[in-house]
Amino acid sequence: MPSYKLYYFHGRGRAEPARLMLAAAGLPYEDIRLEYEQWPEYKPKMPMGQAPVLEVDGTMICQSVAIARFVAKESGRAGKTNMEQAWADMMADGFVDMLNKMADYVWYEEDEARKAEKKKTFFDTTLPEFLGYFEKLLVANNGGGGFFVGDGLTHAEAFFLCLSDDIIAEKPNVLSPYPKLAALVERIKTYPGIKEWLAKRPQTPF
């Protein structure tokens with residue numbers, strides 16, 4: 001079995017989709033959580049000077065979607081056909097788009113007035129529009145009682161769970177108008193491996 005090492009900081013953040021997929025696959029790995037003061041030492045060693053990074057038998061992979069997709073493929077959870085794989089990637093990229101829009105006002109906007117304005121636009125306009133798209137895409141796959149792609153969990157669900165965690169933390173009833181998405185959150189949380197990981201993962205602010 002390959003040796004897996006996942007490098008990130010003390011948080012869920014961009015590494016959590018990979019952790020969820022590793023948990024779903026039952027793959028053991030070293031969860032290396034760097035202190036911020038260690039980053040200058042590690043940054044030059046990373047392929048693009050960023051984290052997260054997954055090291056597989058000495059070879060490093062960066063970019064969160066690429067890492068989660070790789071783990072999904074390693075465990076047969078990336079979609080069974082080229083079309084299913086494309087749809088899983090499409091959904092994952094859509095969820096990352098929403099996470100990036102949140103990061104813009106949470107992490108990068110320094111002006112408090114602009115931060116509040118961006119947050120309001122996100123929750124009042126952008127997010128409802130895309131949650132509507134996501135709900136329809138879920139329903140399009142056999143009525144929405146399973147997963148986004150095919151008949152099983154893929155990396156799309158890992159990114160969706162991370163998004164849902166963040167938006168529910170800000171607005172607890174945000175998924176109420178989208179019952180299929182809300183039910184999917186619970187299915188992901190009880191998926192074998194993921195359920196156990198959620199119960200034991202470190203509690204962190206992000």
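Is Tyr 105 buried or exposed? Select Tyr 105 and see: its relative accessibility is 3%, so Tyr 105 counts as buried (buried means under 20% relative accessible area, exposed over 50%, partly exposed in between, with a 1.4 Å probe and protein chains only).

Before moving on, some ground rules. This is a predicted model, in which local features need pLDDT of at least 70 and side-chain atom pairs count only at pLDDT 80 or more, while totals for chains, interfaces and linings use all residues. Residues are numbered from 1 along each chain as its sequence is written, and side-chain values use heavy atoms, with hydrogens and water left out.

**Stop 1: around Tyr 105**

Tyr 105 sits in helix α4 (helices are DSSP runs of H or I with at least four residues, strands are runs of E with at least two, and both are numbered from the N terminus). Show what Tyr 105 touches, skipping residues up to four places away in sequence: you get Lys 115, Lys 118, Lys 119, Phe 122, Phe 123 and Glu 170 (contact means heavy atoms within 4.5 Å). For a distance check, pick the C-alpha atoms of Tyr 105 and Ala 156: they are 51 residues apart along the chain and separated by 24 Å.

**Stop 2**

Phe 95 is buried, with a relative accessible area of 0%. Leaving aside neighbours within four places in sequence, Phe 95 is in contact with Phe 134, Phe 148, Ala 156, Phe 159, Phe 160 and Leu 163.

Now colour the largest nonpolar core, which has 65 residues (a nonpolar core is a set of buried Ala, Val, Leu, Ile, Met, Phe, Trp, Tyr and Cys residues joined through side-chain atoms within 4.5 Å). Phe 95, Leu 131, Phe 148, Ile 167 and Leu 181 have the most contacts inside this core. Which helix gives the most to the core? That's α4, residues 82–108, with nine residues. In soluble globular proteins, nonpolar side chains tend to be buried together.

Next, click Ile 167. Apart from neighbours within four places in sequence, Ile 167 is in contact with Met 102, Phe 122, Phe 123, Leu 127, Leu 131, Val 174 and Leu 175.

**Stop 3: a helix crossing**

Select α5 (residues 112–140) and α7 (residues 179–189): their axes come within 8 Å and cross at roughly 75° (axes are lines fitted to C-alpha atoms, for helices over the stretch in contact, and angles run from 0 to 180 degrees between N-to-C directions). The two helices are therefore roughly perpendicular to each other (under 35 degrees counts as roughly parallel, over 145 as roughly antiparallel, 65 to 115 as roughly perpendicular and the rest as oblique). On the α5 side, show Leu 131, Phe 134, Glu 135, Leu 138 and Val 139; on the α7 side, Pro 179, Lys 180, Leu 181 and Leu 184. These contact residues divide into seven nonpolar, no polar and two charged (Ala, Val, Leu, Ile, Met, Phe, Trp, Tyr, Cys and Pro count as nonpolar, Asp, Glu, Lys and Arg as charged, and the others, Gly among them, as polar).

**Stop 4: a serine inside**

Jump to Ser 164 in helix α6, residues 155–170. Ser 164 has 0% relative accessibility and so counts as buried. Ser 164 touches Leu 175 and Val 185, not counting residues up to four places away in sequence.

**Stop 5: helix α1**

Select residues 16–25, helix α1: nine of its 10 residues are buried. Charged names turn up among the buried residues too, including Glu 16 and Arg 19. The buried residues of α1 pack against β1 (4–9), β2 (30–34), α3 (64–74), α6 and α8 (194–200).

**Stop 6**

Zoom to the Ala 51 to Pro 52 peptide bond, which is cis, with omega near 15°. Pro 52 lies in the loop between α2 (39–42) and β3 (53–56). Then try Asp 57, in the loop between β3 and β4 (59–62): its phi is positive, about 50°, although Asp 57 is not a glycine. Asp 57 counts as exposed, at 55% relative accessibility.
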